[in-house]
Amino acid sequence: MALTSKFKKDVQTLRGAANGEFFLDVKNPKLFKKVRRFYENNGVVFSGDPMDDYDMLMEYVYNDLDTVEAKWKSSLSVSPIATLSVAH
């Protein structure tokens, strides 16, 4: 299951934390624990150092959100063929 599917209502919060606007573990500790558990259940092994683990977690979140956003943007692209077939 994708991050955005699992945490639909929290995507904006996760994006803010991944962008460094705030610390997720301070702003929303429950969500932080759930997201960390999500990645652990998907095979991510954390080091045990809280600062390194937080940075690693935010990197995973950032990359997952960036991947979803890139896929979404590419689905909005206009096909050159569609542009040519428009009647003038």
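**Charged side chains: pairs and patches**

Analyst: Happy to! The structure holds two salt bridges, where a salt bridge is a side-chain nitrogen of Lys or Arg within 4 Å of a carboxyl oxygen of Asp or Glu. Please keep in mind that this is a predicted model, in which local features need pLDDT of at least 70, side-chain atom pairs count only at pLDDT 80 or more, and totals for chains, interfaces and linings use all residues. Residues are numbered from 1 along each chain as its sequence is written, and side-chain values use heavy atoms, with hydrogens and water left out.

Let's start with Arg 36 and Glu 40, whose side chains meet in a salt bridge at 3.1 Å, N to O. The two residues are four apart in helix α4, so about one helical turn separates them; helices are DSSP runs of H or I with at least four residues, numbered from the N terminus. Glu 40 is partly exposed, at 37% relative accessible area, and Arg 36 is also partly exposed, at 23%. Here, buried means under 20% relative accessible area, exposed over 50%, and partly exposed in between, with a 1.4 Å probe and protein chains only.

Arg 36 also forms a salt bridge with the side chain of Asp 53, at 3.5 Å, N to O. Because Arg 36 lies in helix α4 and Asp 53 in helix α5, this pair ties together parts that are 17 residues apart in sequence. Asp 53 counts as buried, with 2% relative accessibility. Through shared partners, the salt bridges join Arg 36, Glu 40 and Asp 53 into one network.

Now for the surface patches, which are made of residues with over 30% relative accessible area and no salt bridge, like charges being joined within 9 Å. Lys and Arg count as positive and Asp and Glu as negative, while His and the chain ends are not counted. The place of a charge is NZ of Lys, CZ of Arg, CG of Asp or CD of Glu. Accessible areas come from the Shrake-Rupley method with a 1.4 Å probe.

The positive patch gathers Lys 6, Lys 9, Lys 30, Lys 33, Lys 34 and Arg 37. Its largest share, four residues, comes from helix α4 (residues 29-41). Lys 6 sits in helix α1 (residues 3-6) and is partly exposed, with a relative accessible area of 49%.

The negative patch is formed by Asp 49, Asp 52, Asp 55 and Glu 59. Asp 52 belongs to helix α5 (residues 50-75) and is partly exposed, at 46% relative accessible area.

How values were computed
Patch = residues over 30% accessible without salt bridge, like charges linked within 9 Å, V, L, I, M, F, W, Y side chains within 5 Å.
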